[in-house]
Amino acid sequence: MVGFGPADLPPTAAVKFVGAGTAACIADLVTFPLDTAKVRLQIQGEAKGRSNGGPVKGVQYRGVFGTITTMVRTEGARSLYSGLVAGLQRQMSFASVRIGLYDSVKQFYTKGSEHVGIGSRLLAGCTTGAMAVAVAQPTDVVKVRFQAQVGCGGATKRYQGTMDAYRTIAREEGIRGLWKGMGPNIARNAIVNCTELVTYDLIKDALLRSTPMTDDLPCHFTSAFGAGFCTTVIASPVDVVKTRYMNSSHGQYSSAMNCTLSMLFKEGPMAFYKGFMPSFLRLGSWNVVMFVTYEQLKRAMMMARNNYASPL
């Protein structure tokens, strides 16, 4: 990201990797209930008759906080953090690659030039987003499956634990099952990564050039919130398809395109924006927590590194 602050050295690759992964995990801990509510709203209306892993008959989710309240009342507060272990595994691997490598890949595309155009930023976002999906896809599949499964009313859970989920999916659907939905996930994350990182980069650039703001907390907060809104608007349709396809039972959809067409014909175009509000609240707050934490962690780790390397 642009600007390193007064007298700061550019962060090393290791600092970016560790900082991005740690910041993403912290952001996930804070916003995970919103992500779970988003998944429940996105799959609602898809398969109400499923005995497990789908919505309970008679339970209707309405709005962000209505969904959270219903889940707490019918399944207990712990249900809001169902899939958290896989979620943290996903963030540590996923964010480390997509955010930690972004600046390096961006520099590769600019070939050392000081001028960074929008094309180089978009290419870097697409590249690191696709690389991150290839690494973290199994953790994403397990996270979504856990968030979607309902634990009340005597329903049998699809999976009893995180490792059981990995084993069960591999046994029942083959190793490829752990990479289910990789196509829409790459599309979704290329869009998210481009929009999120590029808009954060551009907003931050503009604020530093055109306002009295410095490369500090208010600038990071404003840039992250703007990036979250832009990302939600653009990425919601492919995010819904990704969630539906990942959570689908074996053979329910022949492909991601089949899932898309099924949604369109059975539920209409607005189905692609199911869960928009929790998605925005989650992405907006996630971006704020993640980017603010990431910027501060980078600075703190570089200061610690410099102090260690230059003892008094």
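1. Which residues have the most contacts inside the largest nonpolar core? In this predicted model, they are Ile99, Met290, Phe291 and Tyr294, and the core they belong to has 26 residues. Seen by element, two or more core residues come from each of helix H1 (13-43), helix H3 (84-98), helix H4 (102-110), helix H5 (118-148), helix H7 (182-210), helix H8 (217-247) and helix H10 (276-309). H10 gives the most, with six residues.

2. Another core lies apart from the largest one. This other core has 11 residues, including Val141, Phe146, Tyr159 and Tyr166.

3. Helix H4 can be taken by itself. Its buried residues are Tyr102, Asp103, Val105, Lys106 and Thr110. They lie on the same side of H4, because the arc they cover around the axis is only 165°. In an α-helix there are 3.6 residues a turn, so residues three or four places apart point the same way. The partners against which the buried residues of H4 pack are H1, H3, H5 and H7. Just after H4 comes Lys111, with a positive phi of about 55°.

4. Next, the open space. The largest pocket has a volume of about 420 Å³. It is lined by 19 residues, and Arg78, Tyr81, Ser82, Gly83 and Lys157 are the closest to its centre. H3 supplies the largest share of this lining, three residues. By type, the pocket lining holds seven nonpolar, eight polar and four charged residues.

5. How many cavities of 30 Å³ or more does the structure hold? There are three. The largest cavity has a volume of about 160 Å³. Arg90, Gln91, Arg188, Asn189 and Arg282 lie nearest its centre, out of 19 lining residues. H1, H3, H5, H7 and H10 each give two or more residues to the lining of this cavity.

6. The make-up of that cavity lining deserves a separate entry. Of its residues, 11 are charged, six are nonpolar and two are polar. Among the residues nearest the centre of the largest cavity are Arg90, Arg188 and Arg282.

Methods: Residues are numbered from 1 along each chain as its sequence is written. This is a predicted model: local features need pLDDT of at least 70, side-chain atom pairs count only at pLDDT 80 or more; totals for chains, interfaces and linings use all residues. Side-chain values use heavy atoms; hydrogens and water are left out. A nonpolar core is a set of buried Ala, Val, Leu, Ile, Met, Phe, Trp, Tyr and Cys residues joined through side-chain atoms within 4.5 Å. Buried means under 20% relative accessible area, exposed over 50%, partly exposed in between (1.4 Å probe, protein chains only). Helices (H or I, at least four residues) and strands (E, at least two) are DSSP runs, numbered from the N terminus. The arc is that of the directions from the helix axis to the C-beta atoms. Contact means heavy atoms within 4.5 Å. On a 1 Å grid over the protein atoms alone, a cavity is a set of points where a 1.4 Å probe fits but cannot get out, and a pocket is an open set with protein on both sides within 12 Å along at least five of seven lines; lining residues have an atom within 4 Å of a point. Grid points are joined across faces, edges and corners, and a volume is the space filled by probe spheres set on the points. Ala, Val, Leu, Ile, Met, Phe, Trp, Tyr, Cys and Pro count as nonpolar, Asp, Glu, Lys and Arg as charged, and the others, Gly among them, as polar.
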